[in-house]
Amino acid sequence: MGTGYATIMYDSEAVVSEGIGDFAACRYDGVEIGLGKAEAVGEAKLSELLEEYDLDLYCVMAGWLNTEEDLQAAVDGAALAGSLGADFLGILPPPRGVVDDETFADWLDRIGAAAAEAGVTPIVHHHFGAHVEQPEEIRRWLDEGPDNLELLFDTAHYYAYGDITEGIERFADDIAYVHLKDIDPPAEFQTHVENLTAGKKDYDSIVNYIWAFTDLGKGVIDFGEVSATLDAVGYEGHQTIEIENQKDHPLVHAKENIDHLRSVTER
Amino acid sequence: MGVGFTTIMYGEESLLDGLADIGACRYDGVETSLGEIETVGADAFAEQLDAYDLDLYCTMGEWLETQGAADRIAAGAETAADLGAPYLGILPPHRGTTNDDDFERWLGEVCDAAADAGVTPVLHHHGGTKVEQLDEIEEWLDRGPDNLGLLWDSAHHYPYDPESADGDVSNGIRRFADDIEYVHLKDVAPGANFDDLVDAISAGEFKLDTVFLYYDAFTDLGEGVIDFGAVHEALDEIGYDGHITIEVENQNKPPAIHAKENLDYWWAITGQ
């Protein structure tokens, strides 16, 4: 098991000039990168950097599945993920109401087939406001998706829809990869949750929901308990800290988050 | 004419602390949402305004896309008047959510309530809403009641005016000179694919990352591309003597620092 950090705060140029070096300096074991950034950096350069800084590539996250074009990008991205030695190809489901179930099932099958051919494991990222959001929806799409589809369990994206400990226990057999992220819900958080679950177009709800995500230890999630639960269910995979809201220098976020995780776990 | 700051960064939990920050930075006024005022209580809000010698410039309603929202905003006109706010802000419906007839009727109801209360309703043109493009601003100012004025926003003008591509948004000020009742100042730092985000939002596409990245481009004065010197000159040129409120929503440092730095930037331009 290793601990990684996501490149969200770094654009593709900064991934090269600072990001990978920052993660190594903070003694992370691995990296997650968006497919678009990986393509922009280029396979050769990214491989060289990962090798130079002794970091593993855990996951290449494909973009949001809004259109057939997005689907094709994810399908094509499987080969790059495989060539880079990534364990996982991440799937961000369509926002609610964008496609019907039949289309989404077809898209999952096509990504699953491309991932199998590339030698990577496709993982679905349950996500607020998306086609896979509620625990019952996670269960459904894991059951109805291709056989090689597994789960990316995300602490902050589970929080609003169920108890995180119970979620880890419920999906123990499906979790292949974990995102660690904290959440500090604002006063009207439940309204935003309900708006987005209902598929309502509400920019305030989207922005305020994302703004609620925060660094480990600055929200309401007990990461000591998360770690203990993962241990208890026998999880041995990688975990990646994913922080998108920048309030400080990106290196400071990278360092403080892994420091918090280490302070509350045995890892 | 005074300069205000919005309480967006503070939210309901720390709204009264926010007024203290804004007062300490020597702003003249504030803008707050009706919902936030209701949560902390109008009396407590008024006491804090008084304690920090701040005026309330505008109470902003919710998105006007249901009858319930229209009723709440209309009822808020009295709250605005009681607190001495000259303006009642109207946020148009998100694109694709509301037909023209409903919007026109709700605008009428809100404007009637504002007239009864003695406040001026101001329409906030806004990306991703029914009142976004320049011709849509003109259309709805024409279709709305006579007392409806324009809340002109520098950052929500920039993406929709080809003449503003270099950051000089003064064309918008001149074009809407007769309608501008109130002004929001905000900067924009467009990323590499900002034009694509703008197009997607205008098309009413509901993409989670698109909305967030679009909003993420809004930034503190001086951190983006907008020429606020040109804004100041154009407002002078048209004889604008109303209030100006700096609206910054993306927080990447303590809110008080945003409040202070933005006012310092504006004062450096205006010489105040």
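Me: Does Gly222(B) count as buried, exposed or partly exposed?
Reply: The model is a predicted one. Gly222(B) sits in the loop between strand 9 (218–219) and helix 11 of chain B. It has 15 C-beta neighbours inside 10 Å, and buried would take 20 or more while exposed would take 12 or fewer. Gly222(B) therefore counts as partly exposed.

Me: What distance separates the C-alpha atoms of Gly222(B) and Tyr265(B)?
Reply: Leaving aside neighbours within four places in sequence, Gly222(B) is in contact with Asp187(B) and Tyr265(B). Along the chain, Gly222(B) and Tyr265(B) are 43 residues apart. The separation of their C-alpha atoms is 7.0 Å.

Me: Are helix 11 of chain B and helix 12 of chain B roughly parallel or oblique to each other?
Reply: Helix 11 (residues 228–237) and helix 12 (residues 255–270) of chain B have axes 9 Å apart and pack at an angle of about 60°. Roughly parallel would need an angle under 35 degrees, and roughly perpendicular 65 to 115. Helix 11 and helix 12 of chain B are therefore oblique.

Me: Which residues of helix 12 of chain B meet helix 11 of chain B?
Reply: Helix 11 of chain B passes helix 12 of chain B in a right-handed crossing. By class, this contact has 3 nonpolar, 3 polar and no charged residues. Helix 11 of chain B brings Phe228(B), Gly229(B) and His232(B), and these meet, in helix 12 of chain B, Trp266(B), Ile269(B) and Thr270(B).

Me: At what angle does helix 1 of chain B pack with helix 12 of chain B?
Reply: The axes of helix 1 (residues 15–24) of chain B and helix 12 of chain B are 9 Å apart. The two count as roughly parallel, a class for angles under 35 degrees. Their crossing is right-handed. The packing angle of helix 1 and helix 12 of chain B is about 30°.

Me: How many nonpolar residues are in the contact of helix 1 of chain B with helix 12 of chain B?
Reply: On helix 1 of chain B the contact uses Gly18(B), Asp21(B) and Ile22(B), and on helix 12 of chain B it uses Pro255(B), Ala256(B) and Ala259(B). The contact includes 1 polar and 1 charged residue. The number of nonpolar residues is 4.

Me: What is the phi of Arg26(B)?
Reply: Most residues other than glycine have a negative phi. Arg26(B) is in the loop between helix 1 and strand 2 (29–33) of chain B. With 14 other C-beta atoms within 10 Å, Arg26(B) is partly exposed. Although Arg26(B) is not a glycine, its phi is positive, at about 70°.

Me: Is Asp53(B) buried or exposed?
Reply: Asp53(B), in the loop between helix 3 (42–51) and strand 3 (55–63) of chain B, has a positive phi near 55°. It has 10 other C-beta atoms within 10 Å, and the cut-off for this class is 12 or fewer. Asp53(B) is therefore exposed.

Me: How many charged residues are in the contact of helix 4 of chain B with helix 5 of chain B?
Reply: The axes of helix 4 (residues 67–82) and helix 5 (residues 100–117) of chain B come within 8 Å and cross at roughly 15°, so the two are roughly parallel. Residues that meet here include Ala70(B) and Glu78(B) from helix 4 of chain B, and Trp106(B) and Glu109(B) from helix 5 of chain B. By class the contact has 11 nonpolar and no polar residues, and its number of charged residues is 2.

Me: Is Tyr159(A) buried or exposed?
Reply: Tyr159(A) lies in the loop between helix 7 (155–158) and helix 8 (164–170) of chain A. Beyond its neighbours within four places in sequence, Tyr159(A) is in contact with Ile164(A), Ile183(A) and Ile221(A). Because Tyr159(A) has 23 C-beta neighbours inside 10 Å, it counts as buried.

Me: Which helix of chain A gives the largest share of the side that touches chain B?
Reply: In the interface, 16 residues of chain A are in contact with 16 residues of chain B. The largest share of the chain A side, 4 residues, comes from helix 10 (residues 203–212).

Note on methods: Residues numbered from 1 in each chain as written. Chains lettered and ligands numbered in written order. Predicted model: local features only at pLDDT ≥ 70, side-chain atom pairs only at ≥ 80, totals over all residues. Contact = placed C-beta atoms within 7 Å. Axes fitted to C-alpha atoms, helices over the stretch in contact; angles between N-to-C directions. Parallel < 35°, antiparallel > 145°, perpendicular 65-115°, else oblique. Nonpolar A, V, L, I, M, F, W, Y, C, P; charged D, E, K, R; others polar. Left-handed = near helix turned anticlockwise from the far one by under 90°.
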